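User: I'm new to looking at structures, and I'd like a close look at just one part of this one. Could you walk me through the place where the two chains touch?

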Amino acid sequence: MTPQPADRIERHKFIDRAYHWLMAAAMLILLLTAFLPILGIKFEWVGIHWVTGLVLTVIVLVHIIRASFWQNFWAMVPDGEDLRAPFAKPGKYSVAQKLYHLAISVLILAAIATGLLMWRKVDTPFWQRDPYWLSTDAWGVVYAIHGLAAMALVTMVIIHVYFALRPDEWHLTRSMLRGWITGKEYRDHHDPRRWQAKD
Amino acid sequence: MSLFRYASSIYGGGDTLIGANYGLLPWFAAAGVAIALAHAIFKAVAAPGKPH
């Protein structure tokens, strides 16, 4: 039965859900354009890849600015209480979600930083490619970091999709689709002292 | 299996790092599947029916 609106507690605003799904689409396109050619499915992937990478860069920047100035930046960082009682009822995010966010942030920022450098080796409407912009050794390091981050993101995406599909996590998946959890889900899964949700 | 790919430098000397070894991609994917499976088995065996 669909809960009455009065029983709904907002977990994610529309802008945050839009960010999540835009980032998911960008990640999917980036991983497919990166790895399908390596797996033998050949197509003109470079243009799609760098344009999507640029889109991801912009939305991640918007997210960082929004999280820093309009949201509680520290809500996603493990705190003392997480370390003292990692299995107790969490605030808005569990310690596992915070650690996952930390790991995927490092990987995405590494992929973006190296991807922006690699962009210099691609002809764009803004410049001609310059493969000698960095030394051969430096390009090797850039490519290695980009590749390792991309492969680790495959691992992280698989884990993320698994948790999103688990029935006991469905309230979180629904909240990323529709924005809300029920009052019962709030009381069952969260410590109101650590997350003062507005209903 | 190395994490990295190397190429011989045309100027001589040692091998040059050219990137990550994409032959490891199936292993990274398998790691994700293994973690998911391990968690699913743990939840089914150690904490059946527990919501958290």
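Analyst: Here is a walk through the contact, along with the core and the confidence scores. Keep in mind that this is a predicted model. For the complex, the predictor gives an ipTM of 0.89 and a pTM of 0.91.

Let's begin with who takes part. Chain A brings 20 residues to the contact, and chain B brings 19 residues. On chain A's side, two elements give two or more residues each: helix 5 and helix 7 (183-189) of chain A. The top giver there is helix 5 of chain A, with 15 residues. Sort chain A's side by class and you get 12 nonpolar, five polar and three charged residues.

Now zoom in on one residue, A:Met151. Across in chain B, A:Met151 touches B:Ala20, B:Leu24, B:Leu25 and B:Phe28.

A:Met151 turns up again in the largest nonpolar core, which has 20 residues. Along with A:Ala149, A:Ala150, A:Ala152 and A:Leu153, A:Met151 touches the most other members of that core. Helix 1 (14-35), helix 4 (95-118) and helix 5 (136-165) of chain A each supply at least two residues to this core. Helix 5 of chain A gives the most here too, with 12 residues.

Notes: Residues numbered from 1 in each chain as written. Chains lettered and ligands numbered in written order. Predicted model: local features only at pLDDT ≥ 70, side-chain atom pairs only at ≥ 80, totals over all residues. Core = buried A, V, L, I, M, F, W, Y, C linked by C-beta atoms within 7 Å. Buried ≥ 20, exposed ≤ 12 C-beta atoms within 10 Å, placed from the backbone. Helix = DSSP H or I, 4+ residues; strand = E, 2+ residues; numbered from the N terminus. Contact = placed C-beta atoms within 7 Å. Nonpolar A, V, L, I, M, F, W, Y, C, P; charged D, E, K, R; others polar. Lists of a residue's contacts leave out its neighbours within four places in sequence.
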